Amino acid sequence: MKYLVTGGAGYVGSVVAQHLLEAGHEVTVLDNLSTGFRAGVPAGAAFVEGDIRDAAKWLDPSYDGVLHFAAFSQVGESVVKPEKYWENNVGGTMALLAAMREAGVNRLVFSSTAATYGEPEEVPIPESAPTRPTNPYGASKLAVDHMITSEAHAHGLAAVSLRYFNVAGAYGPYGERHDPESHLIPLVLQVAQGRREAISVYGDDYPTPDGTCVRDYIHVADLADAHLLALGAARSGEHLICNLGNGNGFSVREVVETAREVTGHPIPEVTAPRRAGDPAVLVASAQTARATLGWNPSRADLAGIIADAWEFARDTQREH
């Protein structure tokens with residue numbers, strides 16, 4: 001099978017592209033490298049440096065499907081530059097869907113997000129939970145989900161949206177290279193590497209066991225497995241939405257303490273004020289993914305997730 005992976009030079013896209021190659025598929029990565037890295041494109045994948053708005057230039061009937069990761073994903077930036085997120089995440093996807101219709105490619109797996117839910121009413125969060133995003137990033141992803149539903153009903157698109165919770169870890173030479181970095185585990189590891197003086201803990205008075213926010217961490221390789229399963233589960237005229245998470249949460253302090261154990265470094269922390277819009281607990285119900293995709297995450301151990309990320313972080317530092 002032959003697949004186009006948009007945003008395949010980024011963190012999740014590169015790991016999924018590698019999994020596709022390992023499964024024997026033919027892969028073309030389309031990425032404009034605005035946030036991705038050329039080094040993230042797996043060996044064995046064809047690479048096209050270009051924008052999803054121009055996908056019609058490269059997409060043709062020889063492709064069996066598209067896996068779509070080409071989105072801006074910085075929550076804070078989306079608040080101050082919402083137009084950037086609407087133009088790329090929504091406008092870019094509209095152009096991609098048009099290119100797929102034109103080429104007769106009717107299978108899509110979309111990288112969605114738990115940010116579509118906003119402040120949860122219940123935990124773990126099911127797919128039936130109200131979608132009330134609290135920032136333009138989450139709103140742009142929700143708009144795309146609505147767009148895909150319409151496309152499936154009107155044009156027979158076979159589509160699956162996967163709503164990630166907190167993706168972490170690394171898979172071989174593929175890991176997080178965000179610049180600027182905003183995810184907790186890589187930031188904690190930067191402290192262990194001596195690249196930061198301390199990790200900021202935003203709020204220690206939440207209604208959680210240790211007062212810090214609790215999040216559901218999923219290994220990026222488990223996440224990639226779900227994408228390959230989603231390709232097989234997609235049905236013409238249907239848009240399936242699945243949460244991806246482990247169904248249990250770890251607090252910020254648990255993450256920091258586990259990183260100290262894994263790295264052997266003290267990792268100083270400083271308490272900072274709460275950030276606006278940070279829910280106390282975000283944990284997924286992934287029953288739909290388990291039941292409909294046959295997905296069974298096998299790398300749920302926090303220490304293992306951090307150990308993989310630590311190995312990648314040290315390898316990347318040595319490269320520089």
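Predicted model: local features only at pLDDT ≥ 70, side-chain atom pairs only at ≥ 80, totals over all residues.

Analyst: Residues are numbered from 1 along each chain as its sequence is written, and side-chain values use heavy atoms, without hydrogens and water.

User: Which strands stand at the edges of the seven-strand open sheet?

Analyst: Strands are DSSP runs of E of at least two residues, and helices are H or I runs of at least four, numbered from the N terminus. Two strands pair if DSSP finds at least two bridges between them. The order is S3-S2-S1-S4-S5-S6-S11, with parallel pairing. Each edge strand has a single partner, so one side of each lacks a neighbour in the sheet: these are S3 (46-49) and S11.

User: Which residue in S5 stands opposite Val66?

Analyst: Strand S4 (residues 65-68) and strand S5 (residues 107-113) pair in the parallel sense. Three bridges join them. Opposite Val66 stands Leu108.

User: Is Asn246 buried or exposed?

Analyst: Asn246 lies in the loop between strand S11 (239-244) and S12. Buried means under 20% relative accessible area, exposed over 50%, partly exposed in between (1.4 Å probe, protein chains only). Asn246 has 12% relative accessibility, so it counts as buried.

User: Which backbone oxygen does the side chain of Asn246 reach?

Analyst: Contact means heavy atoms within 4.5 Å. Leaving aside neighbours within four places in sequence, the contacts of Asn246 include Asp216, Ile218 and Arg290. At 2.5 Å, its side chain reaches the backbone oxygen of Tyr217.

Methods: Polar contact = N/O pair within 3.5 Å; in protein donor to acceptor, adjacent residues only side chain to side chain.
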